[in-house]
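Please keep the sequence and the structure open while reading.

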Amino acid sequence: MNPFIEIGIYVVHTLGSVFLLFVVLRFLLQLARADFYNPFSQTVVKVTNPVLLPLRKIIPGFFGIDLASLVLALLVQLVIGELSAVIGHHQLVNPGYVLIMGALGTLKMTTYIVYVCLLVLVVTSFIAPYSTHPALVLVRQLMEPLLRPVQKVIPPMGGLDFSVLFVFMGVTIIQKLLDATAYSVGVIPGLIIGY
C-alpha cells in the first residue's frame, strides 16, 4: 500500500478514535451519574459539546439515557469508515454495513474503557487506595454501577474484592462475543474504530 494512503488512514483513525473515546466517555459518565464538575468530566463535556448540543435539539434523551451521544458515536464511526474507504480504496462503502460495524466497534471501545478503568482500580487499590485525585474519583464513579451488583452477590472477603475479577471475566466474554459477531458479519479490518 502507498505510504501516503497509510498515513492518511492513520491520521483519520487516530483523530477519530480520540473523539470517539470522548463521545463514549460522555455517554458512560452520564449513564453512571458521575460528578459533572470533576475537571476530567468538564474536559469531556467541552470536547463533545460543539457537536453534541445541536444534535440534542433533534434527538432528546430517553429515561436518562443520552441517545444523542449514541447517535453521535455511530455517526463518528460512519464518517471514519467512509473516509477510510475513500482514502484506501477510492470508493464509498455501504453505509448500512458501516453503521452495523460501527455499532460493534463502539461496543468494543466501551469494553476497552471498562477494562482500562478496572485495571486502574486494581493498581491504585494497592498503590493509593484512599487517593482523592479527580481522575481516580471519576474511575470509581464509572465502575461503581458495574461492581455494586456483583459485590452484593460476592462481598469482599478478608480485604480482597473479587467483584473486579468477575467483571473482568464478563468484559472479556463480551469482547469475545463481539469478535465472533464481527467475524460472522464479515468485518473489514481497518475500516472502523475497534476492529
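## Overall make-up

A residue counts as buried when its relative accessible area is under 20%. By that cut-off, buried residues make up 37% of the 195 residues in the protein chain. The model is predicted, and every value in this report is to be read with that in mind.

The protein chain has six helices and zero strands. Read from the N terminus, its elements run α-α-α-α-α-α. Along the principal axes, the C-alpha atoms fill a box of roughly 60 × 35 × 35 Å.

## Helix 1 and helix 2

Two packed helices are described by the angle between their axes and by the distance between the axes. Helix 1 and helix 2 (residues 39-58) pack at about 95 degrees, and their axes are 9 Å apart. Angles of 65 to 115 degrees count as roughly perpendicular, so helix 1 is roughly perpendicular to helix 2.

On the helix 1 side, the contact involves Phe19, Phe22, Val23, Leu25, Arg26, Leu29 and Gln30. Helix 2 meets them with Ser41, Thr43, Val44, Val45, Val47, Thr48, Asn49, Val51, Leu52 and Arg56. Sorted by class, the residues of this contact are 10 nonpolar, five polar and two charged.

## Phe19

One residue of that contact can be followed further. Phe19 lies in helix 1 (residues 3-31) and is partly exposed, with a relative accessible area of 22%. Leaving out residues up to four places away in sequence, Phe19 touches Val47, Thr48, Val51, Leu72 and Val76.

How far apart in space are Phe19 and Leu70, C-alpha to C-alpha? The distance is 13 Å, while 51 residues separate Phe19 and Leu70 in sequence.

## Helix 3 and helix 4

Helix 3 (residues 67-89) packs on helix 4 at an angle of about 120 degrees, with the axes 8 Å apart. That angle makes helix 3 oblique to helix 4. The crossing of helix 3 past helix 4 is right-handed.

Helix 3 contributes Ala73, Leu74, Gln77, Leu78, Gly81 and Glu82 to the contact. From helix 4 come Pro95, Val98, Leu99, Gly102, Ala103, Gly105 and Thr106. By class, the contact of helix 3 with helix 4 has seven nonpolar, five polar and one charged residues.

## Helix 4 and helix 5

Helix 4 (residues 95-127) also packs with helix 5 (residues 134-153), at an angle of about 110 degrees and with the axes 10 Å apart. Helix 4 is therefore roughly perpendicular to helix 5. Here the crossing is left-handed.

Val114, Cys117, Leu118, Val120, Leu121 and Thr124 form the helix 4 side of the contact. The helix 5 side is formed by Leu136, Val139, Arg140, Leu142, Met143, Leu146 and Leu147. This contact has 11 nonpolar residues, one polar and one charged.

## Aromatic pairs

The structure holds three aromatic pairs, and two of them are described here. A pair of aromatic rings is described by the distance of the centres and the angle of the planes. The ring centres of Phe36 and Tyr37 are 5.3 Å apart and the planes stand at 85 degrees, so this pair is edge-to-face. Phe36 is partly exposed at 44% relative accessible area, whereas Tyr37 counts as exposed at 68% relative accessibility.

Phe62 and Phe63 have ring centres 4.5 Å apart and planes at 75 degrees, so this pair is edge-to-face. Phe62 is partly exposed, with a relative accessible area of 48%. Phe63, at 76% relative accessibility, counts as exposed.

## Ser84

Is Ser84 buried or exposed? Ser84, which lies in helix 3, has a relative accessible area of 4% and is buried. Ser84 and Ile192 are 108 residues apart in sequence, yet their C-alpha atoms are 8.0 Å apart in space.

Conventions: Residues are numbered from 1 along each chain as its sequence is written. This is a predicted model: local features need pLDDT of at least 70, side-chain atom pairs count only at pLDDT 80 or more; totals for chains, interfaces and linings use all residues. Side-chain values use heavy atoms; hydrogens and water are left out. Axes are lines fitted to C-alpha atoms, for helices over the stretch in contact, and angles run from 0 to 180 degrees between N-to-C directions. Helices (H or I, at least four residues) and strands (E, at least two) are DSSP runs, numbered from the N terminus. Angles under 35 degrees count as roughly parallel, over 145 as roughly antiparallel, 65 to 115 as roughly perpendicular and the rest as oblique. A crossing is left-handed if the near helix is turned anticlockwise from the far one by less than a right angle, and right-handed if clockwise. Contact means heavy atoms within 4.5 Å. Ala, Val, Leu, Ile, Met, Phe, Trp, Tyr, Cys and Pro count as nonpolar, Asp, Glu, Lys and Arg as charged, and the others, Gly among them, as polar. Rings of Phe, Tyr and Trp (its six-membered ring) pair if their centres lie within 6.5 Å; planes under 30 degrees apart count as stacked, over 60 as edge-to-face and the rest as tilted. Buried means under 20% relative accessible area, exposed over 50%, partly exposed in between (1.4 Å probe, protein chains only).
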